[in-house]
Amino acid sequence: MPTTTIRLDDDREDRISAAADLAGKTSHAFIVDAVARAVEQVEAQEELHRIAEKRWAKLLATGSSVLWDDAKKYLAARGRGEKPVKPTARKLE
């Protein structure tokens, strides 16, 4: 496994050590977990952007979209555990 070196100022190193102790981890494990979470967050954001771009392109190509009021009612019903009919996409005016 490759090794990466990071340089931390004394205050940050002390804060990491204290936080790691509170979490019941070594400083190394704490930092590795923090880096893994940061990478996962960036990857999730990138995936969200990819999906949004694809949907935006479809909207531009078709000119059809679900009205916000219809979507809001649908999502509220789903949140209550109901099984509503999906709203129909309509041409934008």
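## A charged patch

E13 sits in helix 1 (residues 10-23); helices (H or I, at least four residues) and strands (E, at least two) are DSSP runs, numbered from the N terminus. This is a predicted model, in which local features need pLDDT of at least 70 and side-chain atom pairs count only at pLDDT 80 or more, while totals for chains, interfaces and linings use all residues. Residues are numbered from 1 along each chain as its sequence is written, and side-chain values use heavy atoms, with hydrogens and water left out.

D9, D10, D11, E13 and D14 gather on the surface in a patch of negative charge. Patches consist of residues with over 30% relative accessible area and no salt bridge, with like charges joined within 9 Å and nonpolar side chains (Val, Leu, Ile, Met, Phe, Trp, Tyr) within 5 Å. Asp and Glu count as negative and Lys and Arg as positive, while His and the chain ends are not counted. E13 has 44% relative accessibility, so E13 counts as partly exposed. Buried means under 20% relative accessible area, exposed over 50%, and partly exposed in between (1.4 Å probe, protein chains only).

## Salt bridges

A salt bridge is a side-chain nitrogen of Lys or Arg within 4 Å of a carboxyl oxygen of Asp or Glu. By this rule there are five salt bridges.

One of them joins K25 and D33, with the closest N and O atoms 2.3 Å apart. K25 is partly exposed because its relative accessible area is 32%, and D33 is partly exposed because its relative accessibility is 28%. Another joins E47 and R50, where the closest N and O atoms are 2.7 Å apart. Both E47 and R50 belong to helix 2 (residues 27-62) and are three residues apart, about one turn of the helix. R90 also forms a salt bridge with D70, at 3.6 Å between the closest N and O atoms. This pair links distant parts of the chain, 20 residues apart: R90 is in strand 2 (residues 90-91) and D70 in helix 3 (residues 68-79).

## Overall form

The protein has three helices and two strands. Read from the N terminus, its elements run α-α-β-α-β.

The radius of gyration is 23 Å, whereas a compact globule of 93 residues would have one near 12 Å. This radius is taken over C-alpha atoms, and the globule rule is 2.2 Å times the number of residues to the power 0.38. The C-alpha trace spans about 60 × 35 × 25 Å along its principal axes. Of the 93 residues, 6% are buried.

Technical notes: Accessible areas come from the Shrake-Rupley method with a 1.4 Å probe; for residues, only the protein chains shown count as cover. The place of a charge is taken as NZ of Lys, CZ of Arg, CG of Asp or CD of Glu.
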